[in-house]
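Open the structure in your viewer and keep the selection tool at hand. Follow the stops below in order.

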Amino acid sequence: MNQRWLYGQDRYRPAGETINTRLYDVAPIGTKQAKAFVQTHHYSGPNSWVYDRFRFGLFTAGRLVGCAVFSHPVNEKIFSFFPGSVRQSVELGRFVLLDEVPGNGETFFLGRCFDKLRRAVDTTTGELLNMQGVVSFSDPSARTTDTGALVFAGHLGTIYAAHNATYVGRATPRTLRLWPDGHVVNSRRLQKIRSGEKGATPAIQELRSFGADDIWDDRAAWLNHWLDRLTRRLHHPGNHKYLWGLSRRARLLLPESLAYRKPCCSTSPTHLQFQR
């Protein structure tokens, strides 16, 4: 099965389907269009976005049916495997295809995106950026609402393996906080509340949408009070990390791939942990 998304809900396409590439185009798109598409359909929800650098859309008959967002991470150490500067590598921050796209659409789309990254130029000087690498993470931990309804089944990154990624193991384990609807609390948004910096208002409104009262003079105390009442803790074992070298030099420097993670044998959608 191949995981898809539609209005935040996962859908599945049968294995073995072949995309008719003549019916699809891949082209750069703007932040506004990419953000609207991803926040409408991706499991991360409407309040989640990344520091986007490159955005590509998958189109059929002029309609947007997929989106890949390549971003700059908070922690630049994830690029340590690649040569060049940190600006010559990107993270695949969001990758979502609608449920109508045939089964092997991910690898086709991802391959076209990588081709465009290799040809990317500086928008100011027009010089070739010589992009070196792409990092992506797959999240294996299922999440539910506070009533037990499944929101996200988790995924292992099978399409990354299918596109010959180098698997280097798990990222650092951590503890997440979940809203009642099962979505992850954005820690960066919480920090904006504590510090009173620009962008705190939407974060405050998010808490109020789940039942918090007006913010107190002691912002940190208000935040801690309501987080304890409105959120649940979830131990996360760490995302699976995958690498691609975009240049020959970058590929030669990559370590030998660890064994790819395999989905469990259950046919329950809860265990169809495949891709981003």
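Which residues does His72 touch, not counting those up to four places away in sequence? Select His72 and show what surrounds it. His72 touches Tyr51, Arg53, Phe79, Val86 and Arg87. Bear in mind that this is a predicted model.

**Stop 1: His72**

Stay on His72. It lies in the loop between S5 and S6. Is His72 buried or exposed? Its relative accessibility is 9%. The cut-off for buried is under 20%, so His72 counts as buried. The side chains of His72 and Glu76 are joined by a polar contact of 2.8 Å.

**Stop 2: the sheet**

Zoom out and colour the strands. Here 7 strands make up an open sheet with mixed pairing. Trace the order across: S3-S4-S5-S6-S7-S13-S10. Next, pick out the two edges. Strand S3 (25–28) is at one of them, and strand S10 (166–170) is at the other. Each has a single partner strand, so one side of each has no neighbour in the sheet. Turn the view to follow the twist. From one strand to the next, it averages 30°.

**Stop 3: S7 and S13**

Select residues 133–138, which are strand S7, and residues 240–245, which are strand S13. How many bridges join S7 to S13? The count is 6, and the two strands run antiparallel. Opposite Phe137 stands Lys241 in S13.

**Stop 4: helix H1**

Select residues 31–41. This is helix H1, which packs on the sheet. Helix H1 touches strand S4 (52–60), strand S5 (63–71) and strand S6 (89–97). Look along S5 and compare directions: the direction of H1 makes about 100° with that of S5.

**Stop 5: two positive phi values**

Most residues other than glycine have a negative phi. Select Ala61, in the loop between S4 and S5. Ala61 is not a glycine, yet its phi is positive, near 50°. Ala61 is exposed, with a relative accessible area of 79%.

Move on to Asn164. Where is Asn164 found? It sits in the loop between helix H3 (158–162) and S10. Asn164 is not a glycine either, and its phi is positive at about 60°. With a relative accessible area of 65%, Asn164 is exposed.

Conventions: Residues are numbered from 1 along each chain as its sequence is written. This is a predicted model: local features need pLDDT of at least 70, side-chain atom pairs count only at pLDDT 80 or more; totals for chains, interfaces and linings use all residues. Side-chain values use heavy atoms; hydrogens and water are left out. Two strands pair if DSSP finds at least two bridges between them. Helices (H or I, at least four residues) and strands (E, at least two) are DSSP runs, numbered from the N terminus. Axes are lines fitted to C-alpha atoms, for helices over the stretch in contact, and angles run from 0 to 180 degrees between N-to-C directions. Contact means heavy atoms within 4.5 Å. Buried means under 20% relative accessible area, exposed over 50%, partly exposed in between (1.4 Å probe, protein chains only). A polar contact is a pair of N or O atoms within 3.5 Å; within protein, one must be able to donate a hydrogen and the other to accept it, and residues adjacent in sequence count only if both atoms are side-chain atoms.
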